[in-house]
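Subject: Predicted model for your review

Dear colleague,

Please find below the structure that I am handing over to you.

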Protein chains: 2
Amino acid sequence: MANLKSALAGLSALGDPTRREIFERVAERPRAVVDLARGLPVSRPAVSQHLKVLKEAGLVREVADGTRRIYHIDPRGVGAMREWLDRHWRGALAAFQKFADDEHEKERSK
Amino acid sequence: MANLKSALAGLSALGDPTRREIFERVAERPRAVVDLARGLPVSRPAVSQHLKVLKEAGLVREVADGTRRIYHIDPRGVGAMREWLDRHWRGALAAFQKFADDEHEKERSK
DNA sequence: CGTTTGGGTAGGTTTTGACTTACCGTAAGT
DNA sequence: ACTTACGGTAAGTCAAAACCTACCCAAACG
């Protein structure tokens, strides 16, 4: 799976609360860096650094617009995370069900 | 949404690579702490601490079996994360589509 | 009982990473 | 050309957190 690395990078990136906040705002609609920095409790350079991480994780991309860089979500990265989570979700459900059944069986035959 | 806090806690917890590794192994099948510690590059107490975080994030649960504690996935926590991601994924797709359309329109009418 | 096995917690160290200020490049406006 | 707006990078600080060893408790087994 080529997307596996991307999914894990995405999870690492979204581990930080500030980065999650930035991600949510970018997801709402594409924004420039100054717009993101306004309304956040951190400095503009901090936002730039977070955006760099999000970009390297494949979660966002940017397009130039004059001196501004408009950041938007990269659907592929988000999709990769979603797939990873879905896979584990399904696997976990199955494993958990089997585990619960075994427990129940053990209990019954005591 | 009562699950929102749970989803964010889950993302924070899975931000750490070691914790992700532990989570994946527990997802594969329920395991005891010693079994998890074997094959990981960290000590057993470290695994215990990670499991505590995962548990507080609602991602795993444990049942006692003699002196062993068998950890398994908590489907509810994983489900909450999945929902959060799905919601943002859909929103981001829509916003991105609109953004791309606008860009295209701008280009066309140059 | 003593011993072994499993596992949580305490205390301390060390690494990671989020944040700041200062600086520099670039594009647009006057 | 000068100035202003936008934004990335550098260097350094500081707090969070990942990790270790040492310790203690509980359950099973001889």
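Two strands are taken to pair if DSSP finds at least two bridges between them. Helices (H or I, at least four residues) and strands (E, at least two) are DSSP runs, numbered from the N terminus. This is a predicted model, in which local features need pLDDT of at least 70 and side-chain atom pairs count only at pLDDT 80 or more, while totals for chains, interfaces and linings use all residues. Residues are numbered from 1 along each chain as its sequence is written, and chains are lettered from A and ligands numbered from 1 in the order in which they are written.

Fold of chain A

Chain A comprises five helices and three strands, and from the N terminus on its elements follow the order α-α-β-α-α-β-β-α. A residue is called buried if 20 or more other C-beta atoms lie within 10 Å of its own, exposed if 12 or fewer do, and partly exposed in between, with C-beta atoms placed from the backbone. On that basis, 31% of the 110 residues of chain A are buried. Two residues are in contact if their C-beta atoms, placed from the backbone, lie within 7 Å. Among the contacts in chain A with a separation of 6 or more, 56% are between residues 24 or more positions apart.

The sheets

In chain A, three strands form an open sheet in the order β1-β3-β2, with antiparallel pairing. Its edges are β1 (31–32) and β2 (60–65) of chain A, each with a single partner strand, so one side of each has no neighbour in the sheet. β1(A) and β3(A) run antiparallel and are joined by two bridges; here A32(A) has I70(A) as its bridge partner in β3(A). β2(A) and β3(A), also antiparallel, are joined by six bridges, and A64(A) stands opposite R69(A) in β3(A). These two strands, β2(A) and β3(A), form a hairpin with two residues between them, and G66(A) in the turn has a positive phi of about 65°.

Chain B likewise has an open sheet of three strands in the order β1-β3-β2, with antiparallel pairing. Its edge strands, β1 (31–32) and β2 (60–65) of chain B, each pair on one side only. Six bridges link β2(B) and β3(B) in the antiparallel sense, and E62(B) has Y71(B) as its bridge partner in β3(B).

The two chains together

In the interface, 29 residues of chain B are in contact with 28 residues of chain A. On the chain B side, α1 (3–13), α2 (17–28), β3 (68–73) and α5 (75–108) each give two or more residues, and α5(B) gives the most, with 15 residues. That side divides into 17 nonpolar, six polar and six charged residues. For these classes, Ala, Val, Leu, Ile, Met, Phe, Trp, Tyr, Cys and Pro count as nonpolar, Asp, Glu, Lys and Arg as charged, and the others, Gly among them, as polar.

The same surface serves both copies, as 93% of the contact residues of chain B recur in chain A.

The nonpolar core

A nonpolar core is a set of buried Ala, Val, Leu, Ile, Met, Phe, Trp, Tyr and Cys residues joined through C-beta atoms within 7 Å. The largest has 47 residues, and those touching the most other members include L54(A), L59(A), L59(B) and M81(B). The largest share of this core, seven residues, comes from α5(B). Not counting residues up to four places away in sequence, M81(B) touches L85(A), A7(B), G10(B) and L11(B).

The DNA strands

A residue is near a strand if its C-beta atom, placed from the backbone, lies within 6 Å of it. DNA strand D is surrounded by 22 residues, the closest being A32(A), V34(A), P45(A), S43(B) and G66(B). The surface near DNA strand D has nine nonpolar, nine polar and four charged residues. DNA strand C is surrounded by 22 residues, the closest being S43(A), A32(B), V34(B), P45(B) and S48(B).
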